[in-house]
Amino acid sequence: MTTLEGIQGAAFPFHGNVRPILNEVIHAIDKLLDTGEATTIDLASLPFGPGELEHLEATLGTGELSAKLDALGTSRIRETAYPGVWWLEHRNAHDEVVGRYLEITRTPEILKSQDADIAAGRARLDDQSE
Amino acid sequence: MKKTPTVGEILQAKGVSRRGFLKYCATTASILALPPSMIPRIAEAIENARRPSVIWLSFQECTGCTESLTRSASPTVEGLIFDAISLDYHHTLQAAAGDQAEAARHAAMEENDGSYLVLVDGSIPLANPGYSTIAGISNVDMLKETVAGAAAVVSIGSCAAFGGIPGADPNPTGAVSVMDIVTDKPVVNVPGCPPIPMVMTAVLTQFLTFGTLPDLDKHGRPMAFYGKTIHDRCYRRPFYEQGRFAETFDDEGAKAGWCLYKLGCKGPITYNACATTKWNSGTSFPIESGHPCLGCSEPNFWDKGGFYEPLSTGKFDSGERLAGAAAAGVALGVAAAAAGRRKQSKFAKEG
Ligand code: SF4
Ligand code: SF4
């Protein structure tokens, strides 16, 4: 399997903005394994030349798990080929991308059922069974 | 003040799930240029925020700024405008007209005295106030009357912030900026021609979320977006460092995506966020399309020499560089804005 370290050594044909992010991902993986602390990288705050974002996405690849969320537009939550490295893409109701993040974590928070939703669901179930 | 629902209550009433709310908060953090670690604080603040009243005044302008805002790709902008803020007056967007519209403006001012936001696009003609009037009221009178009870004023676009195109030489209408007239209220400048929608949204969102104004630079611009130059974050920067420049728009250097400095790029002295936020839902920005930065978020950019003349010809840079004038906190930011304002008026006189 390709390793991030292996990818690091690969040639980057663009403007050099992908390699620093991969380095940051490696540091974040180390932090996750050592301390359990998660990291979120907001890709909107980084400069990308033409094709570099797509290059980053292709480099990280696709892993075993992906999910689609329907809330205020759709969101795609996908584990990359590197376990613990998640690619999150939020879209609005017009299907425009409004946020792209890399989350280095065991489970992205947004995948978990939230207490407020669980309680609201329980109340609905109660109503239904009356 | 009438009791308005909190944003949390509004979202709940709309059936937005907690997950949806988390998504909203994540994108809000992005919009506010805050680290993702701030998301829990943002969530708490947004839940309890009450929607502020906003009065939008349009003076000598081309409506490009409104166009820009209403095309904002923020997930919240349609919600922000119609749910999370109460847009009580806007010539272009409101249904009311004439006396009815003016009555709505007065009602919003009375009901929200001391707490409403005034947004302005367009410059204000002073040579003859009759050049631009609304309901028979001159722009300068309407501005003064409306800001009297406001919490703060946001100048949207380079015309409201610095005079813009109407103020360009020979300035036939005697156009001035909002901060030339409003001197006793905090003024946040969101320049750009037009400004980046996300920046406009960010100022509103911060006010809505935390009830505060952003930290400002010496020109009254939010540091989070105008704190770095286009050049600082330009993806062509490695070519600049290597001395690889396009010499014409169709030479090999241009085709290879080299630096546009010699074609007049003003990126090195232009403070704006285009290089990362980009335009049209993050698709691209001028430099990515092969055109140099014009410096549209800098004061008086129209009168600073040719767009295609390199900076090294010395015409653009008026010595108005930011020079590390980072403003910390709102109070200091406002002071810095006032200092910038003095400088700006001086500059306008000299220019
Ligand atoms: S294209 Fe402009 S902003 Fe980009 S590196 Fe060259 S001079 Fe700087
Ligand atoms: S690249 Fe420069 S001229 Fe173009 S919109 Fe951004 S700041 Fe304005």
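This tour goes through a predicted model selection by selection, from whole chains to single residues.

Residues are numbered from 1 along each chain as its sequence is written, and chains are lettered from A and ligands numbered from 1 in the order in which they are written. Because the model is predicted, local features need pLDDT of at least 70 and side-chain atom pairs count only at pLDDT 80 or more, while totals for chains, interfaces and linings use all residues; side-chain values use heavy atoms, with hydrogens and water left out.

**The two chains**

Select chain A and colour by secondary structure. Chain A has 4 helices and 5 strands; helices (H or I, at least four residues) and strands (E, at least two) are DSSP runs, numbered from the N terminus. Their order along the sequence is α-α-β-α-β-β-β-β-α. Of its 130 residues, 41% count as buried, where buried means under 20% relative accessible area, exposed over 50% and partly exposed in between (1.4 Å probe, protein chains only). Among contacts in chain A with a separation of 6 or more, 40% are between residues 24 or more positions apart; contact means heavy atoms within 4.5 Å.

Switch to chain B, which has 15 helices and 9 strands. Of its 351 residues, 56% count as buried. For contacts between residues at least 6 apart in sequence, 76% join residues at least 24 apart.

**The interface**

Show both chains. On this interface, 34 residues of chain A are in contact with 27 residues of chain B. The two chains bury about 2300 Å² between them, 61% of it on carbon and sulfur atoms; buried area is the accessible area (1.4 Å probe) that two parts lose on being put together, summed over both. Now pick His15(A), Leu72(A) and Val98(A), which supply 23% of the area that chain A buries against chain B, more than any other three residues.

Next select Gly99(A), in strand E5 (residues 97-104) of chain A. Gly99(A) counts as buried because its relative accessibility is 3%. Leaving out residues up to four places away in sequence, Gly99(A) touches Leu88(A), Glu89(A), His90(A) and, in the other chain, Thr27(B).

**Helix H3 and the cores of chain B**

Select residues 39-48 of chain B, helix H3. Which of its residues are buried? They are Ile39(B), Ile42(B), Ala43(B), Ala45(B) and Ile46(B). The cover over them includes helices H1 (7-13), H2 (18-31) and H10 (197-210) of chain B.

Move on to the largest nonpolar core, which has 38 residues. A nonpolar core is a set of buried Ala, Val, Leu, Ile, Met, Phe, Trp, Tyr and Cys residues joined through side-chain atoms within 4.5 Å. Leu117(B), Leu119(B), Val154(B), Val190(B) and Ile287(B) have the most contacts inside this core. Elements that each supply at least two of its residues include strand E3 (116-121), strand E7 (150-156) and helix H14 (274-277) of chain B. The largest share, 6 residues, comes from H10(B). Domain 1 (51-225) and domain 2 (228-350) of chain B both give residues to this core, so it lies between them; the domain bounds come from an automatic or database domain assignment.

Apart from this core lies another, of 27 residues, including Tyr116(B), Ile124(B), Ile134(B) and Ile181(B).

**Ligand 2**

Centre on ligand 2 and show residues with a heavy atom within 4 Å of it. The selection is Thr270(B), Asn272(B), Cys274(B), Trp279(B), Pro286(B), Cys293(B), Leu294(B), Gly295(B) and Cys296(B). By class, this shell has 6 nonpolar, 3 polar and no charged residues. Here Ala, Val, Leu, Ile, Met, Phe, Trp, Tyr, Cys and Pro count as nonpolar, Asp, Glu, Lys and Arg as charged, and the others, Gly among them, as polar.

**Backbone stops**

Select Pro170(B), in the loop between helix H8 (157-162) and strand E8 (175-176) of chain B. The peptide bond into it from Asp169(B) is cis, with omega near 10°. Pro194(B) is in the loop between E9 and H10 of chain B, and the bond from Cys193(B) to Pro194(B) is cis, with omega near 0°.

Finish with Thr63(B), in the loop between E1 and H4 of chain B. Thr63(B) is not a glycine, but has a positive phi of about 75°. Its 23% relative accessibility makes Thr63(B) partly exposed.
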